[in-house]
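Please read this briefing with the sequence and the model side by side. It goes through a few topics in turn, for a reader who is new to the structure.

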Amino acid sequence: MYTLPSKLKLFSIIIMVLGLVGIAYGFLTAPKTVEDVKEIMAKQDAHHGEGHAAEEHTANFVDVARGEEGYSEAAMEHATDLKPEGHGVASHEEHVLHQLQTRPWSATFVAAFFFMMIALGVLVFYAIQYASQAGWSPVLYRIMEGITSYLLPGSVIVFLIVVFAGSHFFPWQNEELVASDKILQGKSGYLNFPFFVIRGVIYLLGWNLYRHFSRKYSLAQAEANNYDPYRKNFKIAVFFLIFFIVTEATMSWDWFMSMTPHWYSTLFPWYVFSSIFVSAITVIALVTIYLKSLGLIPFVSDKHLHDLAKYMFAFSIFWTYLWFSQFMLIWYANIPEEVTYFIIRIQEYKLLFFGMLILNFVFPILVLMNSDYKRIPWFVVIAAVFILIGHYIDIFLLVMPSTVGHNWYFGIPEIAALLFFLGLFIFVVGTGLGKVSLRPKNDPFIKESENYHF
Amino acid sequence: MASKKIHAIYTDDDLLMQAVKQTRAANYHISEVFTPFPVHGLDHAVGLAPTRLAITSFLYGLTGLTVAVLMMNYIMIEDWPQNIGGKPSFTFYQNMPAFIPIMFELTVFFAAHLMVITFYMRSKLWPFKKAENPDLRTTDDHFLMEIDAENHDVEKLTKFLYDTGASEISLIENEQDH
């Protein structure tokens, strides 16, 4: 039986309060009028002096080979992807104003989604363990259930953000813009607000209902003297996985791809999924190591840790595979309507864009390749830190370039949102872990799982 | 020099595992064990050192990666940098995404094939190699443990092996070639 230590509880509450203050600060200090923006830009110019003038260019192209700047300006003129509010913009200042106003929204959304996706990914991993009748993992069921207890608050917050963000995130919600844009009109059968909200409600209901019932049956199994609750869990896990793979795809279209509604990519949902899944497994490993260090789960051995670390390793590579497949296909064909997505990411976010590859691919592959290292907790923790930071950046790069463009900065709103949701995550997961004994009973595979070794 | 070996045959892998553990505990030297299929944990019970094949494979993989990088850098960037469909052939890194499939495949190719060849060489396997089965039944359903009997009392050792559950025990004396 685990109880959230009072110090950790206090810590989580403190960073939640700090985070809330920071988020509020972010919203309150966002510029309100074009005059504010002009003032800010004047200040920046004064700071940076003449040498910075080049960056004021709206064109995002620098042709290194020819030593020319902005040679594709004409091609980019009508691309709304680099300016979410699109054609309706009267001036450059208005464009910047919109992006600066979007920034606190984006900062909150990135952190909110990052922690929500961990709970969601753990839920999927959990369902896979049931559906595949895994023999090694039943000892981890209570830990996974503890982490997924964050799904309900987390997903509600994410839902509220995407519903209320409006045209801050989703240019297709701007009616003026749609009226002047044939592409958006063509997509309005799918991208319209009522349907968008209905889809969101369906995702939330589906995911949270599965979480509710699987937890219920899993606890019922501990008291039962037959395997009926287990059978039910098996059945709903299969249906949840089917439901999830569909809703995950539409979720990533709705909440991420429609931020740049002129751009589309077919394997985008898989790419988002791989990010969700690898971060989730990483968090399972971290929580397992933490609980093991407290001596609360003697039935979990370093063999279980080894398996989790193998999953972290394999899905880091899987993520890289999908990242590269998406990047390389678009880079290779270089079709203007597709390539805008990567141009802004490479030109404005170069360090993050390529740094995340090192964090998400190179470090895990080097740290976790040796099979002995996968059984050493602090090695796994190091890899886990790399992976989690890397996938936070990944989500950051899904959202920020599409919403705030080159007006991004990692400052108070971003850090505050990260702190708030980290605190909330620790608090909810800690409480969720503490409700029942960490040792699942009567599961048909629990004996095999406790004696698991290879 | 004549060498004396004792071949003890078992009919069950659990029995074999138990016998191996007892033989090792009694300080007899097991020179070889023949089984029809991999017995889980047998290498550990016999006390074999862990294999280093995976390490060689990693090094071979790095070799393959280096070969791929050097090859394509020379061909595509240095030797004859043409404009092929507008791909940037000015530097290696600018055109790297196009090279990655080849870099990946060559890494895997070198890692896999060289490791397999290393395995053949280390375990002395090749076509036309003379098979070394001491007893044909060990490829079907029998397990054979071979023990050095050089410095031991054969009677005592036989009695010991009989107690471990061996179904057949035979003394092998052969003249070695060298």
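The model is a predicted one. Chain B and chain A bury about 800 Å² between them, and a search over all chains finds 13 salt bridges in the whole structure.

**The interface of chain B and chain A**

- Eleven residues of chain B are in contact with eight residues of chain A, and of the roughly 800 Å² buried between the two chains, 83% lies on carbon and sulfur atoms.
- Phe58(B), Lys87(B) and Pro97(B) together supply 52% of the area that chain B buries against chain A, which is more than any other three residues give.
- The count of salt bridges between chain B and chain A is zero, while one residue pair is found in polar contact across the interface.
- On the side of chain B that touches chain A, helix α4(B) gives the most, with four residues, and the residues of that side divide into seven nonpolar, three polar and one charged.

- Side chains of opposite charge can pair when their charged atoms come close.
- In chain A, the side chains of Glu145(A) and Arg215(A) meet in a salt bridge at 2.9 Å, N to O, and this pair links helix α5 (residues 141–148) with helix α9 (residues 193–223), the two residues being 70 residues apart.
- Glu145(A) is buried, with a relative accessible area of 2%, and Arg215(A) is also buried, at 11%.
- Salt bridges that share partners join Arg142(A), Glu145(A) and Arg215(A) into one network.
- In chain B, Lys5(B) and Asp148(B) meet in a salt bridge at 3.0 Å, N to O, which links strand β1 (residues 2–10) to strand β3 across 143 residues of sequence, and Asp148(B) is partly exposed, at 22%.

**Helix α5 of chain B**

- Val154(B), Leu157(B) and Leu161(B) are buried in helix α5 (residues 154–163) of chain B, and because the buried residues fall within an arc of 65° when seen down the axis of α5(B), they line one face of the helix.
- On the other side of α5(B), Glu155(B), Lys156(B), Tyr162(B) and Asp163(B) are exposed.
- At the start of α5(B), a side-chain oxygen of Asp153(B) reaches to within 3.1 Å of the backbone nitrogen of Glu155(B), and the helix is followed by Gly165(B), whose phi is positive, near 105°.

**A packing site in chain A**

- Leu241(A), in helix α10 (residues 228–255) of chain A, touches Val124(A), Ala127(A), Ile128(A) and Ala131(A), leaving aside residues up to four places away in sequence.
- Leu241(A) and Ile128(A) are 113 residues apart in sequence, yet 7.5 Å apart in space, C-alpha to C-alpha.

**Positive phi values in chain B**

- Most residues other than glycine have a negative phi.
- Asn27(B) has a positive phi, near 65°, and sits in the loop between α1 (13–25) and β2 (30–34) of chain B, where Asn27(B) is exposed at 66% relative accessible area.
- Phe128(B) has a positive phi, near 70°, in the loop between α4 (96–122) and β3 (143–148) of chain B, and Phe128(B) counts as exposed at 85% relative accessibility.

Note on methods
Residues are numbered from 1 along each chain as its sequence is written. Chains are lettered from A and ligands numbered from 1 in the order in which they are written. This is a predicted model: local features need pLDDT of at least 70, side-chain atom pairs count only at pLDDT 80 or more; totals for chains, interfaces and linings use all residues. Side-chain values use heavy atoms; hydrogens and water are left out. Buried means under 20% relative accessible area, exposed over 50%, partly exposed in between (1.4 Å probe, protein chains only). Contact means heavy atoms within 4.5 Å. The arc is that of the directions from the helix axis to the C-beta atoms. A polar contact is a pair of N or O atoms within 3.5 Å; within protein, one must be able to donate a hydrogen and the other to accept it, and residues adjacent in sequence count only if both atoms are side-chain atoms. Buried area is the accessible area (1.4 Å probe) that two parts lose on being put together, summed over both. A salt bridge is a side-chain nitrogen of Lys or Arg within 4 Å of a carboxyl oxygen of Asp or Glu. Ala, Val, Leu, Ile, Met, Phe, Trp, Tyr, Cys and Pro count as nonpolar, Asp, Glu, Lys and Arg as charged, and the others, Gly among them, as polar.
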